[in-house]
Amino acid sequence: MRKLLKYLKHYKLQSVLAPFFKLLEAAFELFVPILVAAIIDNGISGDGGWKYIVNVCLILVGLGVIGLVCAVSAQYFAARAAVGFSQELRGDLFKKVQTLSYSAIDGLGTSKIITRMTSDVNQIQSGVNLVLRLFMRSPFIVFGAMVMAFVIDVTAGGVFAVTIAVLCAVVFTIMLVSIPMYRRVQSDLDKVTASTRENLTGARVIRAFCKEQDEINSYNARNGQLTKSQKYVGKFAALMNPLTYAIINASIIVLLYVGAIKVDGGSLTQGNVVALYNYMGQILIELIKLANLIITVTKSFACAGRVNEILEMSEEKIRTDITPASSKCPFIVFDKVCVNYGNAGMDELSDLSFSVEKGQTIGIIGGTGAGKTTLINLIPHFYDTSSGTVLIDGKNVNSIGDEKLRDMCGIVPQQAVLFKGTMRENLQWGKNDATDEEIMSAVQTAQAADVINSKPGGLDELVEQGGKNFSGGQRQRLTIARALVKKSEILILDDSASALDYATDANLRKSLKQLPYKPTVFIVSQRTSSIRHADKIVVLDGGKAVGIGTHEELLKTCEIYREIHNSQFSVKEA
């Protein structure tokens, strides 16, 4: 939590004024029992009469009004600081997630990131708000009441001191034990969030396979575990209030007993006993507030640790300076590349070596899980190699800045994703100042002109989140157009024509060949028809290159490629 306090640096004034006004309110409250004692001793029992009582009551009303103004002011400044704190924290958290490597995001999981940016940050915000309002007020009232008790009577002050020591031991013991429990609760919440997200994103698949009841059972199991964890920690935390009440009431009994003896002996007045009782009541109220504060702060500390884990994560990328190769070096070189995801038992890619000249078209084909997407993700440095090197223009991708490297690449991912906005805004992602002519040129190449023309708004047609108001084929063509608007040196198409018919796919490949700036194109596909005219085809099987060559060469020399091709075409067509 200490590391996150830097987000209060822009709210220093509010962070000072909030506890300051709370302390003012607390100081005025400490005078109330003294005034009540004065009413009893001087107004009721003494010679002051009704006039004295009314005057003192007016003073009490004045203290109440001033306390109300101080309380409202403290609440305002605390809320300003807490909301500003969470705004900056959530902003930095979002920025950090944007800089994390693919492997780091894979390790965290989407549901954990969402939970930490929403639930965890909200819990921290509540903790900051309560700390600014109560963290100084409650101890001030507690110890202030003890000091006032010593002023009234030393013996009574001793009762206060013992009571406060016992209460502090109870409160801090419960706090220390409950912190790890709240961490487990948040971890169980991550699992419930993950289950909910999976069910929402895969609703159609679940219904198609009639798995509704299975998913309900799975969700209920995870939700039940969360409920069990919350009940367990709730029962333990609930001990705070009854224990506090028991200790305070026992102390009040002792205090009244001591006070009665002292009043009978004449060393203490009835008003003083009432004042001491009121001070003990104030301690009770403030310790209940402090108990709730500690429970909230305990949750906040647990959440702060989880949020800080993300903020302190490194990009996990190796940065080395590689001396540029000679100008005769191929444009892109894979040299004995191996990739292993975390603690996976086998390499996703193993001993992969091939080179690509500028302007060539490279086809990548293989079975599911062969490593096709992993291969093309190494080019824009989404993942690091475990061993071996990937060179672009003679430089190791590790030594090229990510921003510069990705400016060189136009990427169409395996899953076609459009973002909420207009079609123009989506297509301008690669080039913010792209004109309508540039956009329509890319759209024509991507065979997406009919998509634009079929919409009443044209380029200004609204796109729903995820592009849900477009078909799969339309989304794929629009994402291809988005990549083409950049006019990048390297164009990566990761199985981006899977939803296109053969004719549209053929027209797309023909248009890519005719691009005037001649990009180097990588086409990942399950269809041999999509890559048969490529300058070089890489056939992957189990993460290894089992064949590299042209379509005709591979039909003769690579059995796996021949099997894939023959499964899609008759032997006569082959």
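1. Let's start with helix α10, residues 270-311. Its 42 residues, at 1.5 Å a residue, should span 62 Å, and the end C-alpha atoms are 59 Å apart, which agrees. The expected span here is 1.5 Å times one less than the number of residues in the helix. Helices are DSSP runs of H or I with at least four residues, strands are runs of E with at least two, and both are numbered from the N terminus.

2. A word on what you are looking at. This is a predicted model, in which local features need pLDDT of at least 70 and side-chain atom pairs count only at pLDDT 80 or more, while totals for chains, interfaces and linings use all residues. Residues are numbered from 1 along each chain as its sequence is written, and side-chain values use heavy atoms, with hydrogens and water left out.

3. Back to α10: is this helix enclosed or open? Of its 42 residues, 30 are buried, so α10 is largely enclosed by the rest of the structure. Buried means under 20% relative accessible area, exposed means over 50%, and partly exposed is in between, using a 1.4 Å probe and protein chains only. A275 is a residue of α10, and it is buried at a relative accessible area of 1%. A275 and F31 are 244 residues apart in sequence, yet their C-alpha atoms are 9.8 Å apart in space.

4. How are pockets and cavities found? The search uses a 1 Å grid over the protein atoms alone: a cavity is a set of points where a 1.4 Å probe fits but cannot get out, a pocket is an open set with protein on both sides within 12 Å along at least five of seven lines, and lining residues have an atom within 4 Å of a point. Grid points are joined across faces, edges and corners, and a volume is the space filled by probe spheres set on the points.

5. Now the cavity. The structure holds one cavity of 30 Å³ or more, and about 50 Å³ of space lies in the largest cavity. Its lining includes L378, H381, Y383, D384 and T385. By class, this lining has four nonpolar, six polar and one charged residues. Strand β4 (residues 387-392) provides the largest share, three residues.

6. Staying with β4, I392 lies in this strand and is buried, with a relative accessible area of 1%. I392 and A71 are 321 residues apart in sequence and 64 Å apart in space, C-alpha to C-alpha. D393 is in the loop between β4 and β5 (395-396); its phi is near 55°, a positive value in a residue other than glycine. At 47% relative accessibility, D393 counts as partly exposed.

7. Q447 is another residue to look at: its phi is positive, about 60°, although it is not a glycine. You will find Q447 in the loop between α14 (436-445) and α15 (449-453).

8. For the aromatic side chains, the structure holds six pairs. Rings of Phe, Tyr and Trp (its six-membered ring) pair if their centres lie within 6.5 Å; planes under 30 degrees apart are stacked, over 60 edge-to-face, and the rest tilted. One of the pairs is F21 with F77, stacked at 6.0 Å centre to centre and 10° between the planes. F21 lies in helix α1 (residues 12-44) and F77 in helix α2 (residues 49-99), so this pair ties together parts that are 56 residues apart in sequence.

9. F77 is buried, with a relative accessible area of 19%. The ring centres of Y76 and F77 are 5.3 Å apart and their planes are at 70°, so this pair is edge-to-face. Y76 counts as partly exposed at 44% relative accessibility. Ring pairs link F20, F21, Y76 and F77 into a cluster.

Methods: Ala, Val, Leu, Ile, Met, Phe, Trp, Tyr, Cys and Pro count as nonpolar, Asp, Glu, Lys and Arg as charged, and the others, Gly among them, as polar.
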